Amino acid sequence: MSPGPSSKGDDPIKALAAGVASPDDVLAHAHAMESEAADRYHELADQMEIHNNPQTAEVFDKMARIEQIHADKLAAMCAERGVTRRPPWEYRWLDPEAPEVTPVEEAHYLMTAPQALKLALHNEKRALAFYETLLAGSPPDDVRALAEEFAAEEREHVSLVEKWMADYPDIDPHIPEDPDDAVAH
Amino acid sequence: MTAESAPAFAAKDFKSDIKPVWCPGCGDYSVLSSVTKALAELQTPPEDVAVVSGIGCSSRIPAYTNCYGFHGVHGRALPLAIGLKVSRPDLTVIVTGGDGDGYSIGGNHFLHACRRNVDMTYIVMDNQVYGMTKGQPSPTTEPDWESGLVPGGTRIRPFMPLVVALASGANFIARGFSGDPNGTAQLIAEAIRHPGFSFVEVLSPCVTFRPEQRNWKHETHPAPVEATNDRGRAARRLATDDGFNTGVLFYDNRAPYMPPVDANLTDVQQFDREFAV
């Protein structure tokens, strides 16, 4: 298998220091993270639309558009430096997928818009943690500069989503009951 | 990293505009993503790829790709694909389906596709249940899995697809997990590159009828040993593994089967005349 995500039990600080060691590595990872997050939010928005859940679809669609703006900005930075796309299995994420990407299994057809926002907040926090873990490994100055810049952006995103979530102080963690459940009991 | 020209195809170039209708949370979304990522890495133009399937949730994949697609008859994806590949060897042929379609209705075709060793890649999204028809047990369902439809469970020993594939002559055997779409993309890319019949079993949870399969993310793990090309060693490993080892588990170098081309049969009109009634 790929070197891809570090093995369970690996020291995350050492794993990232080894896999994200140059400014080009940071840019490549940042771009992949944002573009894969945008793609997944698009997919989730489509899923909710197909399952007649327009309010939640709107949240995912909004997140997709925001992530796409970041992905486009990073694509321009990568192009300027000649940083090209890598095979998806060569990125050194700490989990199987990039930290800002919502795992597929987190979605549910009856999930509410506030629950979607909660997922988005979790993703932004994981993205921030990625850069903070990278910074904890005492990287070279040029890597540090980029990681600090991206960590600051992720902090802003965390604050932004938290601001949106202020309208929903008590988010019910349970998925609403389906009166026409597919499962035979 | 040096500056290079941008690749011609990205993963999104292999996706169609049709929105999948799978249940949100289904592992098949990730497998679709893995297939398109693998094709993007191989840079095979979409018009040079054919995706063939049978029936079932996972068999909907051809419609969601921008490649040539054939959504075939239940369990008959493999013979369809074999016919296509031997008549159009220039195409990259990928077969997709589920455990019911591939191991039950299409079980006999599975054996002979492995044996025949035509150059193609067979991806089975195994969720150990018939999801499209509301949750009946499939050949890979555990004997003690109970539901309203199977009180007391089936009490039948599950089918062991990797062991059967090995015994039947598959040229490449791998297991992936939908929760690791990037790792699965790598397996699929390797399977497509490998000559002959490549079989990739992907554990792909059905969150509707088997919600407990969400736990697979804690159970799957990279195989602790390197892939082997020794069929005897692979047999021992596959027969005794825990069902959650991921990675390439076996590869062989048998020459792919390709029938001799009969120049006369390339004349389609003549072929038509032979079948005229």
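Reader: How are H4(A) and H5(A) oriented to each other?

Author: In this predicted model, helix H4 of chain A covers residues 113-136 and helix H5 of chain A covers residues 141-165, and their axes come within 9 Å and cross at roughly 160°. Angles over 145 degrees fall in the class that applies here. H4(A) and H5(A) are therefore roughly antiparallel to each other.

Reader: Is the crossing of H4(A) and H5(A) left-handed or right-handed, and how do the residues of their contact divide by class?

Author: Where H4(A) passes H5(A), the crossing is left-handed. The residues that form the contact of H4(A) with H5(A) divide into 15 nonpolar, one polar and eight charged.

Reader: Which elements make up chain A, and what is its radius of gyration?

Author: Chain A has five helices and zero strands, so that its elements, read from the N terminus on, run α-α-α-α-α. For 185 residues the globule rule gives 16 Å, and the value for chain A is close to this, so chain A is as compact as a globular protein of that length, with a radius of gyration of 18 Å.

Reader: What share of the residues of chain A count as buried?

Author: The C-alpha trace of chain A spans about 55 × 35 × 30 Å along its principal axes. Among the contacts in chain A with a separation of 6 or more, 78% are accounted for by residues 24 or more positions apart. Of the 185 residues of chain A, the share that count as buried is 43%.

Reader: How many residues of chain B are in contact with chain A?

Author: On the side of chain A that touches chain B, the residues comprise 14 nonpolar, eight polar and six charged. The contact joins 28 residues of chain A to residues of chain B, and the number on the chain B side is 36.

Reader: How many helices and strands does chain B have, and what is its radius of gyration?

Author: Chain B has 10 helices and eight strands. The globule rule gives 19 Å for 277 residues, and chain B is close to that figure, so it is as compact as a globular protein of that length, its radius of gyration being 19 Å.

Reader: What share of the residues of chain B count as buried?

Author: Along its principal axes, the C-alpha trace of chain B spans about 60 × 60 × 40 Å, and residues 24 or more positions apart account for 69% of its contacts with a separation of 6 or more. Of the 277 residues of chain B, those that count as buried amount to 51%.

Reader: Does Gln186(B) count as buried or exposed?

Author: Gln186(B) lies in helix H7 of chain B, which covers residues 181-193. In space Gln186(B) is 8.9 Å from Glu41(B), C-alpha to C-alpha, although the two are 145 residues apart in sequence. The cut-off for this class is 20 or more other C-beta atoms within 10 Å, and because Gln186(B) has 26 C-beta neighbours inside 10 Å, it counts as buried.

Reader: What is the orientation of H5(B) and H6(B) to each other?

Author: Helix H5 of chain B, residues 107-116, packs against helix H6 of chain B, residues 161-168, with their axes 8 Å apart and at an angle of about 45°. The two helices H5(B) and H6(B) are therefore, relative to each other, oblique.

Technical notes:
Residues numbered from 1 in each chain as written. Chains lettered and ligands numbered in written order. Predicted model: local features only at pLDDT ≥ 70, side-chain atom pairs only at ≥ 80, totals over all residues. Contact = placed C-beta atoms within 7 Å. Nonpolar A, V, L, I, M, F, W, Y, C, P; charged D, E, K, R; others polar. Axes fitted to C-alpha atoms, helices over the stretch in contact; angles between N-to-C directions. Helix = DSSP H or I, 4+ residues; strand = E, 2+ residues; numbered from the N terminus. Parallel < 35°, antiparallel > 145°, perpendicular 65-115°, else oblique. Left-handed = near helix turned anticlockwise from the far one by under 90°. Rg over C-alpha atoms; globule rule 2.2 N^0.38 Å. Buried ≥ 20, exposed ≤ 12 C-beta atoms within 10 Å, placed from the backbone.
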